[in-house]
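The entries follow in the order I made them.

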Amino acid sequence: MPGLLEVNHLSISFFTPRGEVEAVRDVSFSLNAGEVLAVVGESGCGKSVLCKGIMKLLPPIARIKSGSICINGTDITGYGERDMQRLRGKLFSMVFQDPMSVLNPTMTIGAQIGEAVKVHQPRIAKKELTEKVIGFMELVGIDKPEERMKMYPHQFSGGMRQRSVMATALAGNPKILFADEPTTALDVTIQAQILDLLRDVQKKLGTATVFVSHDLGVVARVADRVAVMYAGKIVETGTVEEVYYDPRHPYTWGLMRALPAFSKGQDYLYAIPGMLPTLIDPPKGDAFACRNEYALAIDYREEPPLFPITDTHYAATWLLDKRAPRITAPVRRWKDE
Amino acid sequence: MNEEILLDVKHLSHVFSLSKKVRIQAVDDVSFQIRRGEIVGLVGESGSGKSTVARCVMNVYRPKEGEIFYKGINLCDRKEFREHKRMLQSKRQFIFQDSDSALNQRMKVWEIIAEPMKIQHVTPPRGTLRAEAEFQMHLVGLDAGYLDKYPPELSGGQRQRVAIARALAMEPELLVADEPIASLDVSIQAQIVNLFKQLQRQHGFSILFIAHDLAMVEFLCDRVGVMHHGKLVEMAPVKELFEAPRHPYTRSLISAIPIPDPKRERARKTGKEMDKEWMDA
């Protein structure tokens, strides 16, 4: 059975005056209905470009070089702006990191959610529209929607703004929701609430979600499956249990060890040495090799393929080759405690 | 650790008047002390007044009530402040959350780092200002290749390192860091927190570290204060606070720290339940 969203060998490049930036390189994944896929990686690894690329929201200098995007079995790779506009909102929607820059400061919250509803139902009666807006505000957990719909974004707190943005995103009843770091700008307590809301809504409406984040701690709460991205490639993918309890890629180990929870009682936190390589001319072989303390000689020469570990768990590292030395993951297993 | 009290905040209150009628009590009767060489964390949700406390300590705001003493000098007294202005303005340094807007885009990195020395007319101990900037950059883990770059050419973590180098150039005794890691990636956060810890050990300054990420605070700080609606609701040594939090708000904050473990994370209470629990308490 084909998934709701199938991305096959997708490569997206930015053609800048300084050269071609290969932001997404040969990425394949599928998303089933009602599932939450988390895309994790450092900033600059191409996770946002991937989402925007699928929705075709990138500037004209970016181009899909190769690969295909299929939705419900229909190939939308070649769709133009007009076709895409019909899909946006109905089929997929996006929630961004900073809610203040998405909302119009001169319009009331109710009017903005109403606007999103109207796009999909232009002939809707005024009374029905108000009811719908109130319905969406209740869905995303805003108390007293009748009063709050007459308020402006600046009168809302960060968490409430993010809830309003989610209401506008859900107005077209999309099948897929792209959430691009929706909780990064929020506090810990509010972050937990928004994550619960995401899961809640996703259960109620059956919306499939692509959740982009740089924080593995946050992802554990919401995701069904995880894809770890590095330098434009997916380096490890699997169910949330597989990736958290049995991570195989050295980069995933690094991300895990960088969390303060894993360094408890130690003097210094673990930090992945070095920086992301520039993607203008990506290094030969494994892009992570120069930051990887377990790098093998072959890592510098040849790019590792995705090695299967189970049916759902894949990792692109030569350490999984049968000729490679056995290395135990330097990550403390939470499960064993 | 030294027992000398470096900073003494006594009954600090600050009110913002938005209009004639609307007033916001941003800070309400906050008292705490920072000893020499101590890292004190201040946590709380946004709008709880942590940044206002930091700004009062740095003389950005004049507090409406209360007093702040830095090495016995009353910072709120204009005359006393003026007398010690030079010392105060160089020995206390501020690091901001948004390194993007904290650094002048039209200045090169070495000019940014050397600017405080120029302003305070400090003779650079290593000959030229440029050499001094290079030395400070080396301390924060940037090599000389970045001397002539402009801030937009650097990544977020590198920019924050430049901001730290600029603060360190004056050899401060008190560093006030207002959410210095909030806008960075987890792996970069770890690098910057390590840097703070390492520099503190080398230089022995005190840090007032403001954050909303409790996990990082637990790792870095000696003592932590929890702020809620302008009040300091709990202040305790870091171990005590995390093992036996007294105030219900502290408890709800600690239980909201994400755990990188899917099974445990899902077994936990939802944010709403936690909120309810502490509202009831």
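Is A:Arg199 buried or exposed? I found A:Arg199 buried, at 17% relative accessibility. I note at the start that this is a predicted model.

**Entry: the partner of A:Arg199**

I looked up the salt bridge next. A:Arg199 pairs with A:Asp224, with the closest N and O atoms 3.4 Å apart. A:Arg199 sits in helix 8 of chain A, and A:Asp224 in the loop between helix 9 and strand 9 (225-230) of chain A, so the pair ties together parts 25 residues apart in sequence. A:Asp224 counts as partly exposed, at 24% relative accessibility.

**Entry: other salt bridges**

How many salt bridges does the structure hold over all chains? I read 24.

I checked A:Arg88. A:Arg88 forms a salt bridge with A:Glu81, and the closest N and O atoms are 3.1 Å apart. A:Arg88 is buried, with a relative accessible area of 16%. A:Glu81 is partly exposed, at 46% relative accessibility.

Then I went to chain B. The side chains of B:Arg36 and B:Glu4 meet in a salt bridge, 2.8 Å from N to O. This pair links distant parts of the chain, 32 residues apart. B:Arg36 lies in the loop between strand 2 and strand 3 (39-43) of chain B, while B:Glu4 lies in the segment before strand 1 (5-17) of chain B. B:Glu4 is partly exposed, with a relative accessible area of 33%.

**Entry: the A/B interface**

I turned to the contact between the two chains. I counted 44 residues of chain A in contact with 40 residues of chain B. The size of an interface is often given as the accessible area lost when the parts come together. Here the buried area is about 3,600 Å², and carbon and sulfur atoms give 56% of that area.

How many salt bridges are there between chain A and chain B? I found one. B:Arg201 pairs there with A:Asp267, and the closest N and O atoms are 2.8 Å apart. On the side of chain A that touches chain B, the elements giving two or more residues are helix 8 (188-205), helix 9 (216-222) and helix 10 (240-245) of chain A. That side has 22 nonpolar, ten polar and twelve charged residues.

**Entry: a buried lysine**

I looked up B:Lys50, in helix 1 (residues 50-57) of chain B. B:Lys50 is buried, at 4% relative accessibility. What lies 2.9 Å from a polar atom of the side chain of B:Lys50? I found the backbone oxygen of B:Gly44. B:Lys50 also touches residues including B:Glu45, B:Glu179, B:Ile210 and B:Met227.

**Entry: helix 5 of chain B**

I listed the buried residues of helix 5 (residues 109-119) of chain B: B:Val109, B:Ile112, B:Ile113, B:Ala114, B:Pro116 and B:Met117. Their cover includes helix 6 (129-139) and helix 7 (156-168) of chain B. I picked out B:Met117, which is buried with a relative accessible area of 1%. B:Met117 touches B:Val122, B:Leu129, B:Glu132, B:Ala169 and B:Met170, leaving aside residues up to four places away in sequence.

**Entry: positive phi**

Most residues other than glycine have a negative phi. I noted where this chain departs from that. Just after helix 5 of chain B, B:His121 takes a positive phi of about 55 degrees. B:Asp29 has a positive phi of about 50 degrees. B:Asp29 is in strand 2 (residues 23-35) of chain B and is partly exposed, at 44%. B:His229 has a phi near 45 degrees. B:His229 is in the loop between strand 9 (223-228) and strand 10 (231-237) of chain B and is exposed, at 57%.

A:Cys70 is buried, at 16% relative accessibility. For B:Cys221, the nearest is that of B:Cys56, 20 Å away. B:Cys221 is buried too, at 4%.

Key
Residues numbered from 1 in each chain as written. Chains lettered and ligands numbered in written order. Predicted model: local features only at pLDDT ≥ 70, side-chain atom pairs only at ≥ 80, totals over all residues. Heavy atoms only, no water. Buried < 20%, exposed > 50% of the residue type's maximum accessible area, 1.4 Å probe, protein only. Disulfide = S-S within 2.5 Å. Contact = heavy atoms within 4.5 Å. Buried area = accessible area lost by both parts, 1.4 Å probe. Salt bridge = Lys/Arg side-chain N within 4 Å of Asp/Glu carboxyl O. Helix = DSSP H or I, 4+ residues; strand = E, 2+ residues; numbered from the N terminus. Nonpolar A, V, L, I, M, F, W, Y, C, P; charged D, E, K, R; others polar. Polar contact = N/O pair within 3.5 Å; in protein donor to acceptor, adjacent residues only side chain to side chain.
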